[in-house]
Amino acid sequence: MSYLARRLGSALLTIAMIVIINFILFRAMPGSPERVILRGTPNVTTAQLNAARERWGLNDPIFPDQFGAFVVATVRGDLGYSFVARGQTVGQVIGQRIWPTVILFGLGEIIAIAAGLALGAISGWRRGGIIDQVGNGISLVLYSTPYFIIGMALLLIFGPGLGWFPTFGMLEAGARYTDILDRLGDFLAHLALPLTTVALGLIGQYAIVMRSSIIETLSEDYVTTARAMGLRDGRILRRHALPNALLPTVTLIAINLGYIVAGAITVEVVFNWPGLGTLAVEALEARDYPVLQGVFLVLGVSVVLANLVADLIYGVLDPRVRS
Amino acid sequence: MAGQVALARPGGARRFVGAGSLLRAVLRRPEGLIGVIILTFFALLAIAPELFVGPLQTAVTAKGPRLSPPIEGFPLGTDHLRRDMINLTVHGARVSMVIGLLATVITVLVGAVVGIVSGFAGGRLDGFLMRITDFFLVIPTFVLALILTPILRDLVGSGSREVFGIRMTLVVIVVVIGITSWSSTARIIRSQTLSLKERAFVDRARVIGAGGGHIMRRHILPNVINLIVANAVIVFAGAVLTETFLSFVGLGDPLQPSWGQLLESARAIGAPGLGAWWYFVPPSACIVLVVLAFTLVGSALDDQLNPKRRERR
């Protein structure tokens, strides 16, 4: 089997398991499913219960009928209806909230990868130097700090203290914009603090990984050989050490994505950023299980796909793993 | 020497490096020493918070001013319910550390059993267990925890029941952290088991008729115990963080406030926006210190146990 097919198969299997878990969780929900569906309806009669059971197919055998229907619906993108936002499908609710998260974390990741890898590479290269000592200390502290604590600190400093940036939401509530640039400016002002939080939260982690990766690489024989050949330091770092040190870093970044989601959710909560994280917490407070499961599905599939991409990149960079 | 069990066993199975010598090795490294000192301090707070600050203050018993910055008598200020922040933070140590400890025990137990069985049995069982492990390794387990926690709580009917003085809501948190975070432990233990399985002493044990269970318990387990301890340190840091995250999004217990729960209250009343730094700086500092300490100890342990890193120092 080719490398590509194996990675693809394993990603599909993981996604299938996410769907299965979602199904089991829906069945395990406290109170039978029909009670959850009828929640908020006063004085439910037995007849109504039975009608609901019949209407939602709960009288069919769990396997294969109910499970089959659930899988077909999920594959078609039908995730059911939100309990709270009446009349809206889970797909619609999530669709409104997905872009703020993509923007915040897409930009945050890019900044953090660039800055973190650079800091880590310099620290590892000039090990024990001033940049290493200061940078590694800061990285360790940032790495140990939950993102939302960084967020609350920034909020304290720049919110009421200096008043430089708005601290709530994505756009000024009720604001009227003269043109698109005005609107963009307001958006960027709101983005500043959450984006800084995300970037700071990630930089520590990436710098630490890159630093130890560079240190491992520097003791490899080919670096010694390059030194013996009289190559200049900068060239050894760029051409010999960096490319090899980047390999394990790619994997670690991908593996940590699942964990980063926890930080993502809390950062959004701190700044009331209207993304999937605040949606998850709102759904949690309202016990809006379909939305919660939808968020789990969307985030789970995204992380699995990101891992797949990382695996494929790794396969291109390092032919050895393909065998 | 106490704590140092016989090194040469019949069949050559080497047992513990020795808990004592492992600790001494950690203490020899400056970062290990700092980490151990910090953790000892918080362990003392967690064991007997009453000794330092008296019983946990509630909205009823608290008599301080409302949301006051540090003043005489309240060196860390008070919260919006007039409670002394020192009192809350010290009692938070107990809740956070105990949840972290119990969750670590479950995590490491599940991870070690899955890892040893998977690595030793091999074949289809190994394939099956590793599929599940990889699943938990990849997916955002925190979101799964967000869904599992309220469902489990409703299933067990939390009420006001307590287990060993821990409220049911928090027991559920412990279980949820345990079942969502064992995967990396399982991976690490499995790969060590795979290499141990090929060693001569396992073959010899098999030749004299030892069963699989016996070999796993008496020959594999003693040889991975150091790895389990080193991993537990990292797992503990992760468990404290996960508990903090869960509490922060509203899944904590206001009646037994952990550090994360205090931060949630601080956010809920808008403390950062009000400039009430004293409400969230003490619990934040504690969380960062504890996680940092575990990371430092873990790094020192890793240097000790990983010969590749040791010789490069």
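These legends describe close-up views of a predicted model.

Local features need pLDDT of at least 70 and side-chain atom pairs count only at pLDDT 80 or more, while totals for chains, interfaces and linings use all residues. Residues are numbered from 1 along each chain as its sequence is written, and chains are lettered from A in the order in which they are written.

**View 1. Chain B by itself.** Chain B has 14 helices and two strands; these are DSSP runs (helices H or I, at least four residues; strands E, at least two), numbered from the N terminus. Its C-alpha atoms fill a box of roughly 75 × 45 × 35 Å along the principal axes. Of its 313 residues, 47% are buried (20 or more other C-beta atoms within 10 Å of a residue's own, C-beta atoms being placed from the backbone).

**View 2. The side of chain B that touches chain A.** Here 36 residues of chain B are in contact with 46 residues of chain A (C-beta atoms, placed from the backbone, within 7 Å). Helices H5, H6, H10, H12 and H13 of chain B each supply at least two residues to this side. H6(B) gives the most, with 10 residues. By class, this side has 25 nonpolar, seven polar and four charged residues. Nonpolar means Ala, Val, Leu, Ile, Met, Phe, Trp, Tyr, Cys and Pro; charged means Asp, Glu, Lys and Arg; the others, Gly among them, are polar.

**View 3. The largest nonpolar core.** This core has 157 residues (buried Ala, Val, Leu, Ile, Met, Phe, Trp, Tyr and Cys joined through C-beta atoms within 7 Å). H10(B) brings the largest share, 21 residues. Ala280(A), Leu292(A), Val295(A) and Val143(B) have the most contacts inside the core.

**View 4. Around Leu292(A).** Leu292(A) touches Ala280(A), Ala283(A) and Leu284(A), along with Leu146(B) and Ile147(B). Residues up to four places away in sequence are not counted.

Key
Contact = placed C-beta atoms within 7 Å. Buried ≥ 20, exposed ≤ 12 C-beta atoms within 10 Å, placed from the backbone.
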